[in-house]
Amino acid sequence: MVDYPFLLEELKRILKEKQLKFTRQRELVLKALYENEGHHSPEELHRKIQELAPESKVGIATVYRTLALLEEEGLADSLSLDKEGKRYEIGLKKHHDHLICTRCGKIIEFFDETIERQQEEVARKFRFRMTDHAMKIIGICHECQQNEPNHTNEEKH
Ligand SMILES: [Zn+2]
Ligand SMILES: [Zn+2]
């Protein structure tokens, strides 16, 4: 995991490059993302910023715009969920993929060497130069399955 001072310097550099002002509001978006592990909607991050710094008056539009900027520059990553829109996490983490529960919204991270290798294999087969990949497994998490009315302990296939 990268450290916060590094991310902050990166943010300052990016804003300067884009001739945008470094503001506390913009910094707070980065900070909220950094301090809250996991994957969050812009609205969630907005609430966290209000808790973190009630006096800062960061608008939701600033949160959206700053997240877009952070993502463009690799300091944030996003996951698109069908119904709830985008979820953001801090960028520059070790590469990982996601399991997404459509019932409770839980997002589980995983890394699987075989899947990684297999994807490279597929790309090679199509003479495709892979620059990135995003693997999402969508479904119902273990806890939500436990709560299903007709749940049995047998694994169903
Ligand atoms: Zn669930
Ligand atoms: Zn993740």
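Val122 is partly exposed, with a relative accessible area of 41%; buried means under 20% relative accessible area, exposed over 50%, and partly exposed in between (1.4 Å probe, protein chains only). This residue, Val122, belongs to helix α5 (residues 113-125). Helices (H or I, at least four residues) and strands (E, at least two) are DSSP runs, numbered from the N terminus. Together with Phe126, Phe128 and Met130, Val122 makes a nonpolar surface patch of about 430 Å². Patches are made of residues with over 30% relative accessible area and no salt bridge, like charges being joined within 9 Å and nonpolar side chains (Val, Leu, Ile, Met, Phe, Trp, Tyr) within 5 Å. Accessible areas come from the Shrake-Rupley method with a 1.4 Å probe, and for residues only the protein chains shown count as cover.

This is a predicted model, in which local features need pLDDT of at least 70 and side-chain atom pairs count only at pLDDT 80 or more, while totals for chains, interfaces and linings use all residues. Residues are numbered from 1 along each chain as its sequence is written, chains are lettered from A and ligands numbered from 1 in the order in which they are written, and side-chain values use heavy atoms, with hydrogens and water left out.

The 13 residues of α4 should span 18 Å at 1.5 Å a residue, and the end C-alpha atoms of α4 are 18 Å apart, which agrees; the expected span is 1.5 Å times one less than the number of residues. Seen down the axis of α4, the buried residues fall within an arc of 165°, so they line one face of the helix. The arc is that of the directions from the helix axis to the C-beta atoms. Buried in α4 are Thr62, Val63, Thr66, Leu67, Leu69 and Leu70. Their cover includes α1 (4-17), α2 (24-35), α3, β1 (76-81) and β2, where contact means heavy atoms within 4.5 Å. Exposed Arg65 and Glu72 sit on the face of α4 turned away from its buried side. After α4 comes Gly74, with a positive phi near 85°.

In α3, Pro42, Leu45, His46 and Ile49 are the buried residues. Viewed along the axis of α3, these fall within an arc of 105°, so they line one face of the helix. The cover of the buried residues of α3 includes α2, α4 and β2.

**Salt bridges**

A salt bridge is a side-chain nitrogen of Lys or Arg within 4 Å of a carboxyl oxygen of Asp or Glu. By this rule there are twelve salt bridges, including those tabulated here.

| Pair | Closest N to O |
|---|---|
| Glu143 and Lys106 | 2.8 Å |
| Glu121 and Arg124 | 3.0 Å |

Glu72 lies in helix α4 and Lys18 in the loop between α1 and α2, so this pair ties together parts that are 54 residues apart in sequence. Glu72 is exposed at 57% relative accessible area, and Lys18 is partly exposed at 34%. Glu121 and Arg124 both lie in helix α5, three residues apart, about one turn of the helix. A further network of salt bridges links Glu10, Arg13 and Glu17.

**Positive phi in loops**

Lys57 is not a glycine, yet has a positive phi of about 50°. It is found in the loop between α3 (42-52) and α4 (60-72) and is exposed, with a relative accessible area of 71%. Leu92 also has a positive phi, near 60°. Leu92 lies in the loop between β2 (85-90) and β3 (97-101) and is partly exposed at 41% relative accessible area.
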